[in-house]
Structures are given as C-alpha cells and as structure tokens.
Amino acid sequence: MKLLTLVHNLRNSVPHKQLGDGGQNPVEKYCSEHSTNVTKAQKQLMETTITMPSPTCWMISSTDEFQLLQIMARSMGAKRTLDIGMLTGYSALSIALALPDDGQVITMDVSDQFSEVARNAFRQAGVDHKVVQRIAPAVDTLDDLIRKGESGKFDFAYIDADKGNYCNYYERCLQLLRKGGVIAIDNTLWQCKVVDPAVTDASTVAIRSLNDLIATDARVQAVMLNMADGVTIVTKL
C-alpha cells in the first residue's frame, strides 16, 4: 500500500493542502467563485444527498465535473442522452438542464429507493418532461434499446454505476452513440487505487480493465482527467 499512500500525498500536496476559511481548499474555492453558479434545484438536490446516511452521502459527483459535462453537451447540441446510475438524480438533472426543451435523458438505476427524490428535483427544475426513468438493471435497459434499433441514435452518455459492469456499460453505450457522440465515465481513478498494483478488489480490477480497454481502443479518442475521482471523456470516431 506504499504506492497508494504516496499518490494520496501527492494529490493533496501544496498548494492544494493549504486550507483556507472553514477548511475549504482555497484553489477549489477560487475555481468555484469564478465559474457559473449551479441552479437552485441542483444546489438543493446536492444538499439533500450529502445529508443522507453513508454511503449515499458521498456517492454524488462533483459540481465542477457536471459543469464541464453540461458545457460539452450544450456545445455538441446533444438531444438524446443516457445516464447510467441515477441515485438521487443529480447527474440526470444536470444533463437535462443542458438539453433543449425537446431533449431527453434516459436515466437508469437498479433500485427505486431514491426515485421520488429524483422526480421532485426534476419537477422543481422544470425538466421532468425531458427525463425518462428506467428502474431495472442498466445492462438490460441498454440491451433493450439496442434491440429496438436505437444504435447510433444517442449523442451523449454518462456512466457512474456499479463498477463491475463498467466494461459492459461502455460497450453498449458506444454502440448506441452516433459518430462524434461522447461518453463520460466517472470514478476512473477510484481514489487512486487503480495505480497501486497491490489493490486487487473486484471494483478496482474492473475499472483498470476499462481504463486499459479505452487506452487502446481504435474506435474512440479519449482523455482521462485528474479531476474529482477521475473522469474519462471518450468520443466515438
């Protein structure tokens, strides 16, 4: 575990560890203050989620990550999108806000535990007409879309769900995306565990497998960003 400890230390090194008022990272604070504010609905949903019991409270993605993804979705004129891993709906909400009025997010989760929380957030933000919730294993939902002839008809996909299925989600999303479409994948650094060969739990191994696949995949152009818990952006060639 020495390598993992070293990486954690490097990621938290000066100046990022020089904490300001209230213990907030001053670099992150500065970046936040010089970025477009999130909407009221996003802020309220974030606050609702982080007050939930563990592990739900720390499963929500960072605001700067979704600000970046919103800019990408708007810039590419995305209309049809996939969201794998709904949880409380923050990712689906953020994507829906970036779409035109006739845009669509198909958001998927194996559990309906937080479906009502998500629906309330969608209604509050005025985007509920853009969001379709599918409560079922995401692999089944994606396979159903493929069977119905939807391959090549989606513009954007976001993956943040069970790590053991990351390669399955990636392959299916790639099939469903049009050329020039984008897949964003969360947690691809997995708390730096992917760089430590001593870490061999199932989730870490699965993420490593996806990272290795993407790095040599001639079907795409990809970049892995050292932001949040690692974000990989892929565009279909």
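This is a predicted model: local features need pLDDT of at least 70, side-chain atom pairs count only at pLDDT 80 or more; totals for chains, interfaces and linings use all residues.
The secondary structure comprises nine helices and seven strands. Of the 237 residues, 45% count as buried. When contacts between residues at least 6 apart in sequence are considered, 69% of them join residues at least 24 apart.

The seven strands form an open sheet with mixed pairing, in the order 3-2-1-4-5-7-6. Its edges are strand 3 (131–135) and strand 6 (220–225), each of which pairs on one side only. From one strand to the next, the twist averages 15 degrees. In a regular strand, side chains alternate between the two faces of the sheet.

Both kinds of pairing can be followed strand by strand. Strand 1 (residues 80–84) and strand 2 (residues 104–109) run parallel and are joined by five bridges. Within this pair, Thr81 has Val105 of strand 2 as its bridge partner. Helix 4 (residues 63–75) packs on the sheet, where it touches strand 4 (154–159), strand 5 (177–186), strand 6 and strand 7 (231–236). The direction of helix 4 makes about 170 degrees with that of strand 4.

Strand 5 and strand 7 run antiparallel, with five bridges between them; Val182 stands opposite Thr235 of strand 7. Strand 6 and strand 7 also run antiparallel, and six bridges join them. Here the bridge partner of Val220 is Lys236 in strand 7. Strand 6 and strand 7 form a hairpin with five residues between them, and Ala228 in the turn has a positive phi of about 50 degrees.

Attention now passes to contacts between helices. The axes of helix 5 (residues 90–97) and helix 6 (residues 115–125) come within 10 Å and cross at roughly 20 degrees. Angles under 35 degrees count as roughly parallel, and helix 5 and helix 6 are therefore roughly parallel to each other. The crossing of helix 5 past helix 6 is right-handed. Helix 5 contributes Ala92, Leu93 and Leu97 to the contact, while helix 6 contributes Ala121, Phe122 and Ala125. By class, these are six nonpolar residues, with no polar and no charged ones.

On the side of helix 8 the contact is made by Tyr166, Cys167, Tyr170 and Glu171. Helix 9 supplies Ala206, Ile207, Ser209, Leu210, Leu213 and Ile214. This contact holds eight nonpolar residues, one polar residue and one charged residue.

Most residues other than glycine have a negative phi. Asn187, in this loop, has a positive phi of about 70 degrees although it is not a glycine. Trp190 lies in the loop between strand 5 and helix 9 as well; its phi is likewise positive, at about 50 degrees, and it is not a glycine either. Residues under 20% relative accessible area count as buried. Asn187, with a relative accessible area of 10%, is therefore buried, and Trp190, with 16%, is buried too.

How values were computed
Residues are numbered from 1 along each chain as its sequence is written. Side-chain values use heavy atoms; hydrogens and water are left out. Axes are lines fitted to C-alpha atoms, for helices over the stretch in contact, and angles run from 0 to 180 degrees between N-to-C directions. Helices (H or I, at least four residues) and strands (E, at least two) are DSSP runs, numbered from the N terminus. Angles under 35 degrees count as roughly parallel, over 145 as roughly antiparallel, 65 to 115 as roughly perpendicular and the rest as oblique. A crossing is left-handed if the near helix is turned anticlockwise from the far one by less than a right angle, and right-handed if clockwise. Contact means heavy atoms within 4.5 Å. Ala, Val, Leu, Ile, Met, Phe, Trp, Tyr, Cys and Pro count as nonpolar, Asp, Glu, Lys and Arg as charged, and the others, Gly among them, as polar. Two strands pair if DSSP finds at least two bridges between them. Buried means under 20% relative accessible area, exposed over 50%, partly exposed in between (1.4 Å probe, protein chains only).
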